[in-house]
Amino acid sequence: MDDKSMWRTVIAAVAITTVGSLYFYNQYKNEHASSLGRPQNEQVAPQTEGRPLVFSGNVLPFTIIEAVRNYTNPSVPDAQISVMIEDGGRMEDWAATAAYLARLAAKNGAVTGKVRIFLNNPWGDRAPTEYKNLADAYFDLRPEGERVGSGFDVFPATEIAPWPLMVYDEYVNELADAIPTGLSDNALERLNKKQEEAARKFVVNRYHLPSSWRYQPKSTYMLSQDSIDGRRIGITTIENKNDVNSAEACLQSDNGTDLVRGCIRSGDFSYILPDEKRRPPINFNAHNLIASDISSSDSCESFIKFIDMHKNLSPADTSHNNVFLGTLMFSAHIDADTIGNDYPRLLIGFLAQCHANPKLDITSAMRLAAEKAGMSIQE
């Protein structure tokens, strides 16, 4: 398992292991509300004692997408920070900005956490993120035998990706979200090729590229597979202290819910496709999950919001929800026997993963729940 995979696993694992099914959802929140606190930890060390800095960089000006503390596991408060910087800087600056915000989160009570630095873009931290993500930082202040990796790992990109790649990626993803369900493999393959060509032509026209332009992924635009010890990243200067003060205010804020506190940017990010060419928006007023138009690619944040708004379900709506969740389990490639035998345990793990990772799509959250419980997954 590579470093980033280890960190993805630990971020997903920062969740409680005992929680009821959807029926016990509110009881679950009430049981843990009284135990939430804000323990103060030592700041992540800016430099490992006796070891030289790898490099130093500037903390760049940024716009906050989210800066929250997650108390799904009250004994291990987890920070989740996403910010966007303006076009500019260099690898050392992106890494330094991520490292600094990780230290800030630790100073304000987080035991574990993830920081993501994005190029300023109309879609924020919404997937796909490969070409707009400039650095990730993970920290873990638990005792040495419990922590993951070095305890403070930073993964920077080498250079900023050109806009045509980011726009192509975003457009293909929006088109994919509009694909109807139930297509045969051959029909799906034909539709995917058609949509990739539509995205290519869109980018060629928008950026006045040669008609022969083709999408060619380039690994240097993506995050490094090799981590840098965040303790060995120095800070040269903070270019805008107001941004840093805003991030700290978010990390100290009690706005939000019992489980997630801090700041999340209000409103949705823009889309390339117009509304009429995208699938219907989520109907949070629907009586059940099937009628809501929530899809398997929607976020845990949207799923939890819907559940929070529908506490007293009729037997019919409960049945519809169970059908939706069973279908979601199949989408996550969990085999039928496992679903039949471990349905309640899967729901427990799924809710825990969603609370720990509100930006994660619900299919991935369900799959992570199954993997964490050692259940059978079909490839």
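Entry 1. I recorded that the model is predicted, with local features requiring pLDDT of at least 70 and side-chain atom pairs counting only at pLDDT 80 or more, while totals for chains, interfaces and linings use all residues. Residues are numbered from 1 along each chain as its sequence is written, and side-chain values use heavy atoms, with hydrogens and water left out.

Entry 2. I then looked up the geometry of this pair. Helix α9 covers residues 336-356 and helix α10 residues 362-372; they pack at an angle of about 120°, with their axes 8 Å apart. That angle makes α9 oblique to α10. The classes are roughly parallel under 35 degrees, roughly antiparallel over 145, roughly perpendicular from 65 to 115, and oblique for the rest. The axes are lines fitted to C-alpha atoms, for helices over the stretch in contact, and the angles run from 0 to 180 degrees between N-to-C directions. Helices (H or I, at least four residues) and strands (E, at least two) are DSSP runs, numbered from the N terminus.

Entry 3. I listed the residues where α9 meets α10. On α9 they are Leu346, Gly349, Phe350, Gln353 and Cys354; on α10 they are Ile362, Ala365, Met366, Leu368, Ala369, Ala370 and Lys372. Contact means heavy atoms within 4.5 Å. By class, I noted nine nonpolar, two polar and one charged residues in the contact of α9 with α10. Here Ala, Val, Leu, Ile, Met, Phe, Trp, Tyr, Cys and Pro count as nonpolar, Asp, Glu, Lys and Arg as charged, and the others, Gly among them, as polar.

Entry 4. I turned to the other helix packed on α9. Helix α8 (residues 315-331) and α9 pack at an angle of about 105°, with their axes 10 Å apart. This makes α8 roughly perpendicular to α9. From α8, the contact takes Asn322, Leu325, Gly326, Leu328, Met329 and Phe330; from α9, it takes Ala336, Ile339, Tyr343, Leu346, Leu347 and Phe350. Ten of the residues in the contact of α8 with α9 are nonpolar, two are polar and none is charged.

Entry 5. In what order do the strands of the open sheet lie? I found seven strands in the order β7-β6-β5-β4-β3-β2-β9, with mixed pairing. The edge strands are β7 (228-229) and β9, each of which pairs on one side only. Two strands pair if DSSP finds at least two bridges between them. Strands of a sheet pair through backbone hydrogen bonds, either parallel or antiparallel.

Entry 6. I followed β2 (residues 62-70) to its partners. Eight bridges join β2 to β3 (residues 78-85), and the two run antiparallel. Val68 has Gln80 of β3 as its bridge partner, and Ile64 stands opposite Val83 in β3. Five bridges join β2 to β9 (residues 260-264), again antiparallel; there Glu66 stands opposite Ile264. β3 and β4 pair in the parallel sense over eight bridges, and Ala79 has Gly113 of β4 as its bridge partner.

Entry 7. Are the residues of β3 buried or exposed? Eight of the eight are buried, so β3 is largely enclosed by the rest of the structure. Buried means under 20% relative accessible area, exposed over 50%, and partly exposed in between (1.4 Å probe, protein chains only). Asp78, Gln80, Ser82 and Met84 cover one face of β3, and Ala79, Ile81, Val83 and Ile85 the other; all are buried. In β2, eight of the nine residues are buried.

Entry 8. I checked the loops for backbone details. A cis peptide bond, with omega about 0°, joins Ala127 and Pro128; Pro128 lies in the loop between β4 (112-119) and β5 (133-140). Asp293 is not a glycine, yet has a positive phi of about 70°. It is found in the loop between β9 and α7 (300-309) and is partly exposed, with a relative accessible area of 35%. His333, also not a glycine, has a positive phi of about 65°. It is found in the loop between α8 and α9 and, at 39% relative accessibility, counts as partly exposed.

Entry 9. The protein has ten helices and nine strands, and buried residues make up 51% of its 379 residues. Of the contacts with a separation of 6 or more, 75% are between residues 24 or more positions apart.
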